[in-house]
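Here is a short report on one protein model. Look at the sequence and the structure first, then read on.

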Amino acid sequence: MPKTKKEELVFTLMMCTAMFAMMISYNQVMAAGMRALTFSSWLREAMIMGSAIVALEFGIIAPLAHKIAFWVIGNFTHDSVPVPIVISVATVCCVCPAASAVATLLVRHVTENFMATWLAALSMNFPVALG
């Protein structure tokens, strides 16, 4: 796990890039099939989602995920193996709803029925993000 802010930023950039690249591809294929997956549409969505998710992750979600993880672990153990796993799961549990909300607002341009559209996107994305 990262020890300094610089290491944390690099780790966040790597993890967010991998996660949103996979999830953008998954969402585009689920929405329109493999034929509609073009690099230009993927790149446009990646620029929007990437900047939003990295900002959210580094500023809000990472501290929240650490608090949740150490609350879950509590006084049971502070071994080196379970801590990063619990932090990773807590991060996914925080990033997925935030990313689905950002995508619903900025990519799908939904303002009416936001909750229904967001919950539909979240229910489709969350199992894949945890897997």
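## The nonpolar core

In this predicted model, the largest nonpolar core has 16 residues. Six of them touch the most other members: Cys-16, Phe-20, Ile-24, Met-49, Ile-53 and Ile-61. Three helices each supply at least two residues of this core: helix 1 (5-32), helix 2 (39-73) and helix 3 (82-107). Helix 3 gives the largest share, seven residues. In soluble globular proteins, nonpolar side chains tend to be buried together.

Take Met-49 as one example from the core. Setting aside neighbours within four places in sequence, Met-49 is in contact with Ile-24, Ala-99, Val-102, Ala-103 and Val-107.

## Cysteines without disulfides

How many disulfides does the model have? The count is zero. A disulfide is a covalent bond between the sulfur atoms of two cysteines.

Start with Cys-94. The closest cysteine sulfur to its own is in Cys-93, 6.8 Å away, which is too far for a bond. The cut-off for a disulfide is 2.5 Å between the sulfur atoms. Cys-96 is in no disulfide either. The nearest cysteine sulfur to Cys-96 is also that of Cys-93, at 8.5 Å.

Are these two cysteines buried or exposed? Cys-94 counts as buried, at 15% relative accessibility. Cys-96 is buried too, with a relative accessible area of 4%.

## A threonine in helix 3

Thr-91 lies in helix 3. Its relative accessible area is 17%, so Thr-91 is buried; the cut-off is under 20%. Not counting residues up to four places away in sequence, Thr-91 touches Glu-57, Ile-61 and Ala-65.

Definitions and conventions:
Residues numbered from 1 in each chain as written. Predicted model: local features only at pLDDT ≥ 70, side-chain atom pairs only at ≥ 80, totals over all residues. Heavy atoms only, no water. Core = buried A, V, L, I, M, F, W, Y, C linked by side-chain atoms within 4.5 Å. Buried < 20%, exposed > 50% of the residue type's maximum accessible area, 1.4 Å probe, protein only. Helix = DSSP H or I, 4+ residues; strand = E, 2+ residues; numbered from the N terminus. Contact = heavy atoms within 4.5 Å.
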